[in-house]
Amino acid sequence: MGLSGPAFYSKSTKEVARDLLGKKLVRIFDDGSGKLIRLSGIISETEAYGSKDDPASHAFNGMTNRNSVMFGDVGKAYVYFIYGVHHCMNVTAHSPAHDAGAVLIRSLIPTEGISSMMYRCNVQNKLNLTNGPGKLSRALNINRSHNGLSLSDRKSLLHIEDGIKPDKIVSTTRIGISRAREKHWRYLIVDDR
């Protein structure tokens, strides 16, 4: 499977959020016995977060220790801890005209290592396994130790590969935010089935 390089992530954050749909998020994970297993899912929902143009973005008020990855190289994992409970997985992405940006991965369609993910999360229904940013991070065991990893490096324990070409994509307003709620920067794969 091919990997996207920096050029893929060096576009507008909204464009990258749309283009990530159908890509495969891969996590190589040690199952505790020293055996590496591959966990993955097709990216099915994303949200774009800009910089000074986006009051809902972590980058809106400038660089901090927490958000510094958003201001660095594109194509990196930006992982943060929220509500004292969940890790959220983002991909740094922005055009050269902007100083920061990231795409929140909101949902995946599980494809590999599903039984391991279900066991990890104590979930019986595959549909509830990765249908939220906190859930997918838990299922793939993504945490702050992955912050700043290159997602274009196949040797990385966390990376993004080619996946499928979605038939239909829609955009809506973002959810779970209190500012800039009017922006249609949430993107989803629509499955007519």
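Leu25 has Gly41 of strand 2 as its bridge partner. In this predicted model, strand 1 (residues 24-30) and strand 2 run antiparallel and are joined by 7 bridges. The two strands form a hairpin with 5 residues between them, in which Gly32 adopts a positive phi near 105°.

Strand 2 also pairs with strand 5, again in the antiparallel sense, over 9 bridges. Within strand 5, Glu112 lies opposite Ser40. A further antiparallel pairing, of 3 bridges, links strand 2 to strand 8 (residues 186-189). Arg186 of strand 8 stands opposite Glu47.

The largest pocket holds about 530 Å³ of space. Its lining comprises 27 residues, of which Tyr49, Tyr80, Ile82, Gly176 and Ile177 are the closest to the pocket centre. Two or more lining residues come from each of strand 2 (36-49), strand 3 (77-82), strand 4 (86-92), strand 5 (102-112) and helix 4 (133-139). By residue class, the lining of the largest pocket consists of 15 nonpolar, 8 polar and 4 charged residues.

Terms used: Residues numbered from 1 in each chain as written. Predicted model: local features only at pLDDT ≥ 70, side-chain atom pairs only at ≥ 80, totals over all residues. Heavy atoms only, no water. 1 Å grid on protein atoms, 1.4 Å probe; cavity = no way out; pocket = protein on both sides within 12 Å on 5 of 7 lines; lining within 4 Å. Points joined across faces, edges and corners; volume = space filled by probe spheres on them. Helix = DSSP H or I, 4+ residues; strand = E, 2+ residues; numbered from the N terminus. Nonpolar A, V, L, I, M, F, W, Y, C, P; charged D, E, K, R; others polar. Pairing = 2+ DSSP bridges.
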